[in-house]
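Here is a short tour of the fold you are about to see, from its overall make-up down to a few single residues. Keep the viewer open and follow along.

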Amino acid sequence: MDSGYVTFSDKKGIFYIRINLDVLSKLHSFRQIEGFMPESGGVLIGEVYGNNGFWIKDVTSPFKNDISDRYRFVRQDPAHQKVVQNWHQKSNGTMQYLGEWHSHPEKKPSPSLIDLCSWKKLSLNMKSQMGGQPFLLIILSMIDLKKDWVAIYDGKNNYTKLEVDLI
Ligand SMILES: [Zn+2]
């Protein structure tokens, strides 16, 4: 059942994130490699290991009621939350919401001011449910996973960037 995974880690080797290969190929299909492709996004779903390990095993992608255009993605369709809840039940609570992903029409993306504000707001809204657990954030580049922006956010002002481990 396990399809293999790729590992991301930070410079100090504190955090690691595993992403299943089938999840990566799903994400890959949303890279904005053509001029007409809109921003896409969704939630990251998986398992948590202690305080520093995360394993992304599924992601959602845009639903009908999300806002998706060339320079903007707003996740607002309740279907994302439904998928998280289904996983949560099916796995007896081991699979859970881990964070957010969206694409940018950039070769080497970084968060916009709007991104930073919306993540801050999100962390305030989620505080009671997540119990201070950090969020994972991914911004897909136009190129590949070596150029993607991957970070762990503590819900305040600290972002720890992670890079894909060389295989
Ligand atoms: Zn963005």
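## Ground rules

Two strands pair if DSSP finds at least two bridges between them.

This is a predicted model, in which local features need pLDDT of at least 70 and side-chain atom pairs count only at pLDDT 80 or more, while totals for chains, interfaces and linings use all residues. Residues are numbered from 1 along each chain as its sequence is written.

## The chain as a whole

The protein chain holds three helices and ten strands. Followed along the sequence, they come in the order β-β-α-β-β-β-β-α-β-α-β-β-β. Along its principal axes, the C-alpha trace spans about 40 × 35 × 35 Å. The radius of gyration, taken over C-alpha atoms, can be held against a globule rule of 2.2 Å times the number of residues to the power 0.38. For 167 residues a compact globule would come out near 15 Å, and the protein chain agrees, at 15 Å.

Burial is judged by counting other C-beta atoms, placed from the backbone, within 10 Å of a residue's own: 20 or more makes it buried, 12 or fewer exposed, and anything in between partly exposed. By that count, 29% of the 167 residues are buried. Contacts are a separate matter: two residues are in contact if their C-beta atoms, placed from the backbone, lie within 7 Å. Among contacts between residues at least 6 apart in sequence, 59% join residues at least 24 apart.

## The barrel

Eight strands form a closed barrel with mixed pairing, in the order β1-β2-β4-β3-β7-β8-β9-β10. From one strand to the next, the twist averages 30°. Angles like this run from 0 to 180 degrees between N-to-C directions, with axes being lines fitted to C-alpha atoms, for helices over the stretch in contact.

Let's walk around part of it. β3 and β4 run antiparallel and are joined by six bridges, with L44 opposite V59 in β4. These two strands make a hairpin with three residues between them, and G50 in the turn has a positive phi of about 60°. On to β7: β3 pairs with this strand in the antiparallel sense over six bridges, and G46 has Q96 in β7 as its bridge partner. Then comes a parallel pair, β7 (residues 96-103) with β8 (residues 135-140), over five bridges; there E100 stands opposite L137.

β8 and β9 run antiparallel, joined by five bridges, and I139 stands opposite W149 in β9. Four of the five residues of β9 (residues 149-153) are buried, so this strand is largely enclosed by the rest of the structure. β9 in turn pairs antiparallel with β10 (residues 159-164) over four bridges, where Y153 and Y159 are bridge partners. Their hairpin has five residues between the strands, and G155 takes a positive phi near 90°.

α2 has twelve residues and reaches 17 Å from its first C-alpha to its last, close to the 16 Å expected at 1.5 Å a residue; the expected span is 1.5 Å times one less than the number of residues. N92 follows α2 and is found in the loop between α2 and β7. Its phi is near 55°, a positive value in a residue other than glycine. With 7 other C-beta atoms within 10 Å, N92 is exposed.

## The nonpolar core

A nonpolar core is a set of buried Ala, Val, Leu, Ile, Met, Phe, Trp, Tyr and Cys residues joined through C-beta atoms within 7 Å. The largest one has 26 residues, of which I17, L44, I56, V59, L98, L136 and I138 touch the most other members. Elements giving two or more residues include β2 (16-20), α1 (21-28) and β4, while the largest share, six residues, comes from β8. Leaving aside residues up to four places away in sequence, I56 touches I17, R18, I19, N20, V23, L44, G46 and L98.

## A buried proline

P134 lies in the loop between α3 (113-130) and β8. This proline counts as buried because 22 C-beta neighbours fall inside 10 Å. Not counting residues up to four places away in sequence, P134 touches I152, Y153, D154 and G155.
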